[in-house]
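Here is a walk through one protein model, from strand pairing to rings to charges. Keep the viewer open as you read.

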Amino acid sequence: MKLKELLIDVPVQEIPIDLNENVKDIKINSKNVEQGDIFVALKGDKFNGNDYIEEAINNGCKCIISDEKSGDKIIKVSNARESYSLICKNYFDRACEKLKIVAVTGTNGKTTTTNAIYQVLTFNGKKVGLIGTLGAYINGKKYSTNLTTPDPYDLHKLFKEMVKEDCEYAVMEASAHALALDKLSGINFEIGVLTNITEDHLDFFKNMDNYAKAKYKLFDGKHAKFGLVHLGDDYCKKLVLYNKMPLLSYGIENGSYKAKDIKTNLNGSTFTLINNDREYPIDTNLIGKYNIENAIACIGVCKLLGLNINQIQDGLKSLTMVPGRYNVINYKDTNVIIDYAHTPDGLQKVIETTRELAQNQEIVVVFGCGGNRDKLKRPIMGEIASKFADYVVLTSDNPRFEDPYDILLDIEQGLVKPCKVIENRKKAIEFALRNYSEGQIIIIAGKGAEEYQDIKGKKIPYSDFDVVYNFLKKKSAYEINNNKKIKKIFERER
């Protein structure tokens with residue numbers, strides 16, 4: 001592709017190179033640069049790409065994109081990260097412009113909401129792509145991704161594949177990091193959705209205002225045509241009051257879309273949707289009030305995309321389990337819930353929802369906190385667990401490069417009652433299953449469908465589902481292998 005084609009819409013300040021030059025590929029790691037590539041010098045927390053310009057040139061790059069340096073081969077831009085996103089868009093034939101893209105941002109609920117939208121659209125015969133924490137799906141085929149919101153190169157490559165597969169829609173999770181780092185620049189979303197803003201990632205954003213501002217970028221009038229915002233917390237309500245674009249709101253009690261007559265149990269939920277003074281019965285296997293909010297968001301998006309209420313009702317009724325999102329395993333006297341909850345708000349909602357459905361059963365929660373991430377939330381989550389659950393088992397959860405016991409000590413600072421501490425996650429879950437399996441409900445929180453433990457830079461194969469399955473199988477292999485409902489839970493797509 002010619003350089004001038006790559007630079008369409010890019011805010012260039014200096015161009016000391018022939019724009020008719022052909023460029024082979026785009027790289028952001030100087031070590032991966034090959035003859036004829038373009039190298040984009042990005043600045044991060046630990047590395048500055050501008051320090052590796054000489055290495056990129058020695059490896060044969062055609063030119064450099066930088067917002068910091070000038071020189072013979074350097075095209076200077078005002079914002080290297082924004083430019084990188086725009087260059088990737090151009091490199092992959094501006095495929096995003098041929099799709100109706102829905103972006104869902106928020107601290108919690110992104111994965112469930114995007115999956116629900118994806119499934120309802122697919123159920124109604126639409127060709128759809130899905131991008132998020134659980135990977136990417138294009139017309140049912142899975143593609144691996146490393147981040148909730150892939151980096152621009154991988155993201156636009158996926159968009160191009162969706163167009164190739166005749167997709168009309170794309171539904172994706174938009175992380176606060178992706179918004180803050182301009183990874184979504186140049187994408188004109190059909191609809192932006194905000195599920196909530198509660199504490200998370202303060203190691204990166206430093207305070208809640210910065211975190212909220214990152215999510216607000218999706219609603220600045222430059223990224224999305226229309227907005228749908230949950231009225232669930234003060235930051236969301238503030239956006240509704242001072243929005244810069246057309247938007248609707250939703251919630252249980254307030255909003256353009258709301259609900260009444262809610263009934264929810266460990267098998268699913270029913271409620272009455274209220275929209276424009278009209279009422280519609282909804283039946284879904286999503287569990288708990290917070291998931292009803294996610295279902296309402298799905299309804300709002302699908303209506304805005306042109307589906308009628310009957311199509312949406314049928315689609316929601318047919319939803320399959322979202323792996324790692326309030327997955328309930330009922331086996332004899334053992335009730336186990338596996339959920340991705342890894343923030344204070346997420347953990348509290350999962351425990352409170354279970355309390356409402358528990359019918360006087362005791363609740364045991366097994367959880368930990370990730371290493372090299374927001375340390376402030378650790379004692380908060382400890383307090384929430386010990387306050388809302390009957391028993392707490394603290395364990396490891398992706399310690400990364402931290403000592404797991406240091407993380408556990410941070411969590412313990414918030415505890416208001418004694419707990420059991422077992423650093424090995426497999427042993428902690430087995431302890432809970434062995435000691436709390438007669439009438440109690442065990443919540444295993446934090447990892448959901450993740451299939452690894454991140455330890456000292458290595459992703460060690462591991463799954464909460466596998467631990468539970470293998471433990472229960474030892475108790476009764478025959479019943480586990482012949483119980484269709486249990487098999488459906490454990491035979492999740494990998």
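Two strands pair if DSSP finds at least two bridges between them. Helices (H or I, at least four residues) and strands (E, at least two) are DSSP runs, numbered from the N terminus. The model is predicted: local features need pLDDT of at least 70, side-chain atom pairs count only at pLDDT 80 or more, and totals for chains, interfaces and linings use all residues. Residues are numbered from 1 along each chain as its sequence is written, and side-chain values use heavy atoms, with hydrogens and water left out.

Start at strand β6, residues 100-105. Five of its six residues are buried, that is, under 20% relative accessible area, where exposed is over 50% and partly exposed lies in between (1.4 Å probe, protein chains only). β6 pairs with strand β10 (residues 169-173) in the parallel sense, over five bridges. Strand β11 (residues 189-194) also runs parallel to β6, joined by four bridges. Take A103: its bridge partner in β10 is M172, and in β11 it is G192.

Now the rings. Rings of Phe, Tyr and Trp (its six-membered ring) pair if their centres lie within 6.5 Å; planes under 30 degrees apart count as stacked, over 60 as edge-to-face and the rest as tilted. By this rule there are nine aromatic pairs. Why is the pair of Y118 and Y137 tilted? The ring centres are 6.4 Å apart and the planes stand at 45°, so the pair is tilted. Y118 lies in helix α4 (residues 110-123) and Y137 in strand β8 (residues 135-138), 19 residues apart, so the pair links distant parts of the chain. Y118 and Y137 are buried. F205 and Y211 form a tilted pair too, with 5.4 Å between centres and 50° between planes. Both F205 and Y211 are buried. Ring pairs also link Y91, F92 and Y153 into a cluster.

Last, the salt bridges: a side-chain nitrogen of Lys or Arg within 4 Å of a carboxyl oxygen of Asp or Glu. The whole structure holds 24. E21 and K62 form one at 3.2 Å, N to O. These two residues are 41 residues apart, each in a loop. E21 is partly exposed at 29% relative accessible area, and K62 is partly exposed at 24%. R400 and D454 meet at 3.8 Å, N to O, and both are buried. Salt bridges that share partners join D9, K89, R94 and E97 into one network. Within that set, E97 and R94 meet at 2.8 Å, N to O.
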